[in-house]
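Here's a quick briefing to read alongside the sequence and the 3D view. Have both open as you go.

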Amino acid sequence: MPQLKTSAAEMVAAARARIEEIETSDAISLLDDPNTLFVDLRDVRERQRSGSIPGSFHCPRGMVEFWVDPDSPYFKAILGEDRRFVFHCASGWRSALTVAMLNDMGFPAAHLKDGFSDWVKQGGPIQDA
């Protein structure tokens with residue numbers, strides 16, 4: 001087995017130290033804000049199995065760099081709108097790494113600190129995917 005220079009947990013911790021993290025209770029209060037868009041990075045199968053945040057936009061993690069870049073042939077106009085973008089995954093690890101990378105690209109974004117699992121635990125609304 002190869003010896004890793006940095007563990008996934010260390011990468012997440014480093015990302016979290018430099019990005020905006022939103023607590024679940026605060027995120028739930030943003031749900032009706034038309035200037036906020038929740039962006040779901042989870043796999044489509046996770047959304048189908050667990051549901052999603054109402055009104056969230058699904059963006060597979062593997063496409064995010066291309067979907068936010070206006071010069072990319074894969075650019076999604078919704079990600080070019082003048083809104084606050086709150087990315088999330090199931091537990092906050094994937095979204096932390098993604099938001100750090102997006103911030104490095106110059107794309108302002110935050111993430112749901114404890115992910116969709118905490119959203120569900122705290123009684124946040126859910127819709128079928």
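First, a term: a residue is buried if its relative accessible area is under 20%, exposed if over 50%, and partly exposed in between (1.4 Å probe, protein chains only). By that rule C59 is buried, with a relative accessible area of 0%. This is a predicted model, where local features need pLDDT of at least 70, side-chain atom pairs count only at pLDDT 80 or more, and totals for chains, interfaces and linings use all residues. Residues are numbered from 1 along each chain as its sequence is written, and side-chain values use heavy atoms, with hydrogens and water left out.

**The sheet**
- Strands here are DSSP runs of E with at least two residues, and helices are runs of H or I with at least four, numbered from the N terminus.
- Two strands pair if DSSP finds at least two bridges between them.
- The order β1-β5-β4-β2-β3 describes an open sheet of 5 strands with parallel pairing.
- At the edges sit β1 (20-22) and β3 (57-58), each pairing on one side only.
- Strand β2 (residues 36-40) joins strand β4 (residues 84-88) in the parallel sense over 5 bridges, and D40 stands opposite H88 in β4.

**The cysteines**
- A disulfide is a pair of cysteine sulfur atoms within 2.5 Å, and the count by this rule is 0.
- C59 is in no disulfide, as the nearest cysteine sulfur, in C89, is 13 Å away.
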